[in-house]
Amino acid sequence: MLTIRKATRDDAIDAWEIRRTSVLAACAGHYSEADLAGWVEGTPTERWISVVERDFYVAVHDGWVVGTGMLTVESGQVDAIFVRPSHMGRGIGGKMLQFLEVLAARHGLVEMRLDATLNAAPFYRSLGWTGDSVSIYRTARGLKLACVPMTKRVPPGFVVLYRWRLHPGSEDAFVQGWIRLSDEFRSRGSLGARLHRGSDGIWYSYAQWPSAQARNDAFSMGNLDETAMAAMRAAIAEPFPEIVLDPVAGGLLSLAGHAGCSVEGPRHVSLKPERDDEQGPREGNGREGQR
Ligand SMILES: CC(C)(COP(=O)(O)OP(=O)(O)OC[C@H]1O[C@@H](n2cnc3c(N)ncnc32)[C@H](O)[C@@H]1OP(=O)(O)O)[C@@H](O)C(=O)NCCC(=O)NCCS
C-alpha cells in the first residue's frame, strides 16, 4: 500500500538516493552525460537536509521510501518530484502531485508552479499542468540545465451546505459535537468547514473538500466520533436536505492567509543566471531548487 507522509531528517539519505537514481534513469537522453554527472554528484549538505526536514513529503510503499515531493506554500512552488526507478510508471509521481494539490488548496493557494525537467514535462501535462517555453538554469558551478516553467490552477474544490433547525437550549452541545466532527473530517482530508447561525433561526454549515471523491473516501473510512454524532442528532429538531455547491467565481481570504500563507496566485518570475548553488539549479526568485 502506498502512503504519503511528511519527511523527517532520517529520510534525507533515501531522498538523496532517489533524486540521484531517478535523474540518471529518466533524464538521460535529455541532458548531456556531463550535465547529469554534475547534477547528481556530491553528498547531502546540512542545508539540503534541513529543506528535506522542513518541506519534503515522501511516498512510502511497503515501508520503503519510493518517492519525494515538496511544496513551498509561500510561493506555490512544487519541487523535488522524484520516483525511484524501480517504482516509476505505477502512479506514484501522480499521487504525490495530487497530494501536493490538496496541500496547496488547504493553504488557500489558487495556483501552483514548477520548473519541469525536459523529460518530465509530458508527465506534468498529462496531469493538467500547462507551459511550453524553455528556460535555462545556470548554477555557480557553470551547469546550465534546460527546464519548462509550468503552472496549474489549484482545483476549486467541492462544497456542501448543511442546514438544521435546533431544539432551543441544545445549541452548545450541538456546537461542541460539530467542532469534534469537523476536526475529524479535517484529519480525513476535508479543507475545513464553518458553522453559522442564520438570522432566520436556521444553522448553516459550509464544508469544503478537494473533490466529491475525497468526501466519499472520508465517510467510507467509518468509525466517526459516535458521541459527537449523537450530540448533534439529539440537538437537531429539523434537518434540511444538504446542498452541493459548485464553485463558479470568486474566492475567500483564508485564515491561513492571515497567518502568512499566500492567498493569491504566485507571480511568475523569470530565471536569472549566476547563483551560488550547491545541489542544483536555482531560479531568479531566490528560491533554491531541489533538483
Ligand atoms: C517524472 C516522474 C516523477 C513520473 O513519476 P511516475 O511515478 O513514474 O509517474 P506516474 O506513474 O505517476 O504517471 C502519471 C501519469 O503521467 C504519465 N506519464 C508518466 N511519465 C510520462 C512521460 N515521461 N511522458 C508522458 N506521460 C508520462 C503516465 O502515463 C500517467 O498517466 P495515466 O495516469 O494517464 O496513465 C518520474 O519518472 C521521475 O522521477 N523522473 C525522473 C526525475 C524527474 O525528472 N523529475 C521531475 C522533476 S521536475
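**Close-up views of a predicted model**

**View 1. Helix H6 and the strands it lies across.** Helix H6, made up of residues 171-187, lies across strands E8, E9 and E10, and the helix runs at about 165° to E9. This arrangement, like everything in the views that follow, belongs to a predicted model.

**View 2. An open sheet of four strands.** Strands E9, E10, E8 and E11 form an open sheet of 4 strands in the order E9-E10-E8-E11, and the pairing is antiparallel. E9 (192-197) and E11 are the edge strands of this sheet, since each pairs on one side only. On average, neighbouring strands of the sheet are turned by 15° against each other, when direction is ignored.

**View 3. Helix H1 and its buried face.** The buried residues of H1 are Ala12, Ala15, Trp16, Ile18, Arg19, Ser22 and Val23. Seen down the axis of H1, these buried residues fall within an arc of 160°, so they line one face of the helix. Among the elements that cover the buried residues of H1 are helix H2 (33-40) and helix H3 (46-55), together with strands E2 (56-61), E3 (64-72) and E4 (77-83).

**View 4. Helices H1 and H2 side by side.** The axes of H1 and H2 come within 10 Å and cross at roughly 170°. Angles over 145 degrees count as roughly antiparallel, and H1 and H2 are therefore roughly antiparallel to each other. Where the two helices meet, Arg20, Val23 and Leu24 belong to H1, whereas Leu36, Trp39 and Val40 belong to H2; of these, Val23 is also one of the buried residues of H1.

**View 5. The chain as a whole, for orientation.** The chain contains 9 helices and 11 strands, and of its 291 residues, 32% count as buried. Among contacts between residues at least 6 apart in sequence, 70% join residues that are at least 24 apart.

Terms used:
Residues are numbered from 1 along each chain as its sequence is written. This is a predicted model: local features need pLDDT of at least 70, side-chain atom pairs count only at pLDDT 80 or more; totals for chains, interfaces and linings use all residues. A residue is buried if 20 or more other C-beta atoms lie within 10 Å of its own, exposed if 12 or fewer, and partly exposed in between; C-beta atoms are placed from the backbone. The arc is that of the directions from the helix axis to the C-beta atoms. Two residues are in contact if their C-beta atoms, placed from the backbone, lie within 7 Å. Axes are lines fitted to C-alpha atoms, for helices over the stretch in contact, and angles run from 0 to 180 degrees between N-to-C directions. Angles under 35 degrees count as roughly parallel, over 145 as roughly antiparallel, 65 to 115 as roughly perpendicular and the rest as oblique. Two strands pair if DSSP finds at least two bridges between them.
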